[in-house]
Amino acid sequence: MNAVEIKNLSKSFGPKQAVCGLDMTVPMGAIYGFIGENGSGKSTTEKMICGLIPTGGGSIKLYGKDYTDESVRTKMGVLIEAPGCFPGLTVFDNMMIQAANLNIENSVKEVTRVLKTVRMEGAAGNKYKNCSLGMKQRVGIAMALLGDPTLLVLDEPLNGLDADGMRIMREVFLNIVKDGKRSIIVSSHLLGELQKVATHYGIIRHGKMIVEMTADELDASCRTYMALQSAEMNRTKMLLGCRYSRVEEDEAGYIRVYDLTTPEEIVTYLYENGVCVTEIKTDKIGLEEYYIDLMKGGK
Amino acid sequence: MENTMKFEKVSFCKRVKSMLKVDLRRMFKSKLFYILIACALVMPILMTVMMSMMDGQESVNQQTGEITIMEGPENAWQNIGTLPGGEAMGGNEVFMMCNINMAFMGVAVFVCLFVSDDFRSGYSKNLFTVRTKRGEYVLSKIVCGFITGALMLIVYFVGSMLGGAISGLSFDLHGLNAWNIVMCMLSKILLMPVFVSIFTLISIAAKQKAWLSICGSLGGGMLLFMTVSLITPLDSTPVNAILCLAGGLLFAIGLGFFSRAVLRKTALV
């Protein structure tokens with residue numbers, strides 16, 4: 001059984017088709033990285049999963065049940081766009097309200113537990129409107145964690161978090177899914193951070209799922225390349241460009257050769273042309289580059 | 001590892017109870033609630049005292065030379081309704097409108113801001129993700145609006161009596177008895193769900209646009225406003241109360257279903 005199973009989902013806003021025949025499968029125990037450009041339909045899909053906007057067609061199943069089934073929905077945690085808190089109330093009061101909505105019996109204990117998880121126990125008495133952006137984001141995540149949810153839907157949860165906050169969130173995510181039953185859908189533009197925790201990926205474009213894969217499959221799909229530096233970078237680039245089909249210079253100042261080759265072959269070729277290689281290494285493209293490649297239409 | 005998950009069902013009563021608990025907690029923590037209750041207390045006192053002080057004062061129209069004599073209230077009950085054979089609060093037409101029935105309009109502000117706050121703050125996302133039964137939300141809002149409205153009516157009544165006592169007005173019931181007053185107040189309270197359900201429907205349709213829901217609710221409320229004094233006169237009997245109860249239930253259930261349909265068919269964010 002999958003945590004989320006979406007078939008042929010569609011949604012349009014007037015003439016604009018936001019989601020178009022989307023299929024999506026989130027296995028139990030997965031941290032599902034949901035990736036796409038701005039306006040690609042990520043948030044719309046997440047809102048439909050959460051029942052916040054009516055679907056235009058297709059089906060959504062959560063743990064084998066229809067997504068409108070209240071028993072499944074009470075075990076969902078959500079953070080979409082911004083935490084839904086009343087600005088004039090304290091962090092604790094806002095948490096207590098959501099705890100009551102979830103029918104949590106020992107609510108004070110549960111609220112204290114989740115605030116401690118996101119290291120916000122010291123700010124429980126602060127009014128929500130006085131919290132910083134990062135603190136608000138932590139409150140939103142804490143609220144989503146209330147009641148030990150089986151499915152978390154988090155839209156850009158890492159926005160505004162500092163390095164420590166991101167580390168805590170990674171720990172929290174990994175802790176949640178460790179029993180193999182709970183699942184998390186995370187959409188984020190911070191692909192480097194997402195790659196550290198995601199076990200599955202779904203890439204959406206123009207409302208359609210263009211690829212779904214596991215982290216292992218992504219790893220296998222990510223091409224290796226040679227990154228090198230020399231004393232004469234411009235000449236090196238020109239020479240490599242004559243011999244190999246795809247040669248690029250990266251932000252770190254390395255020349256990358258994506259063609260199938262070996263370091264020995266490149267070093268020999270450049271040496272024969274009077275260029276001395278000072279550094280050469282083999283590496284793999286990350287999720288970010290894979291995604292950019294995919295968006296450009298080439299992989 | 002077992003590849004299944006078990007989910008507990010929560011009973012209707014428990015769900016409604018927790019939803020009401022949340023809304024009542026929010027209501028009693030909201031400044032707006034106390035401001036409206038304070039207004040309901042202060043307004044009749046100020047109005048009665050000021051009108052009594054102006055009683056008999058002459059004002060001359062500079063252009064026509066016409067002399068107008070201000071008429072103040074004669075009886076404390078005029079703030080609640082029209083006495084048999086008499087007029088409502090004084091002869092001034094403005095005060096014909098500004099009586100206890102103002103609470104029906106005051107509650108519009110409360111309901112509109114209370115509902116729009118849910119959508120503006122994003123709380124609706126948290127709520128509707130874990131709550132699929134939209135009817136419970138509507139029910140909870142109607143109950144909160146009803147409680148606020150009923151409290152405003154009671155407080156306005158107390159304020160009117162205080163104002164009458166301060167101004168030294170007569171408390172003569174002109175042949176009516178305390179039972180009629182009780183029935184009049186009960187009728188007004190039981191009529192409150194009619195207005196609250198209209199305001200709730202408009203607020204839910206307008207969602208985060210508080211200004212739109214307030215304008216719509218005040219406009220919609222004004223259409224029915226004049227009927228309140230007709231249905232709930234000072235000489236009300238149990239028949240008035242029963243009629244108001246029936247109307248209140250009919251509107252609350254009917255418009256409640258409409259509100260639920262609006263929530264189900266439209267985007268909640």
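Strand S3 of chain A, spanning residues 31-36, is mostly covered, with six of its six residues buried (a residue is buried if 20 or more other C-beta atoms, placed from the backbone, lie within 10 Å of its own, exposed if 12 or fewer, and partly exposed in between). The structure is a predicted model, in which local features need pLDDT of at least 70 and side-chain atom pairs count only at pLDDT 80 or more, whereas totals for chains, interfaces and linings use all residues. Residues are numbered from 1 along each chain as its sequence is written, and chains are lettered from A and ligands numbered from 1 in the order in which they are written. Helices (H or I, at least four residues) and strands (E, at least two) are DSSP runs numbered from the N terminus, and two strands pair if DSSP finds at least two bridges between them.

From S3(A), Ile31(A), Gly33(A) and Ile35(A) point one way and Tyr32(A), Phe34(A) and Gly36(A) the other way, all of them buried. S3(A) runs parallel to strand S8 (residues 183-187) of chain A, to which four bridges join it, and Ile31(A) has Ile184(A) as its bridge partner in S8(A). With S9(A), S3(A) pairs in the parallel sense over five bridges, Ile35(A) being partnered by Ile203(A). Strand S9 (residues 200-205) of chain A also pairs, in the antiparallel sense and over six bridges, with strand S10 (residues 208-214) of chain A, where Thr214(A) stands opposite His200(A). Two residues lie between the strands of this hairpin, in which His206(A) takes a positive phi near 50 degrees.

A further four strands of chain A form an open, antiparallel sheet in the order S2-S1-S4-S5, with S2 (16-27) and S5 (65-66) as the edge strands, each pairing on one side only. Strand S4 (residues 57-62) of chain A is joined to S5(A) over two bridges in the antiparallel sense, and Leu62(A) stands opposite Lys65(A).

Between the chains, 36 residues of chain A are in contact with 31 residues of chain B (contact requires that the C-beta atoms, placed from the backbone, lie within 7 Å). Helix H2 (70-73), strand S6 (76-79) and helix H3 (91-101) of chain A each supply at least two residues of the side that touches chain B. Asn101(A), which lies in helix H3 of chain A, is buried because 23 other C-beta atoms lie within 10 Å. Leaving aside its neighbours within four places in sequence, Asn101(A) is in contact with residues including Ser18(B), Val22(B) and Asn126(B).

Key
Contact = placed C-beta atoms within 7 Å.
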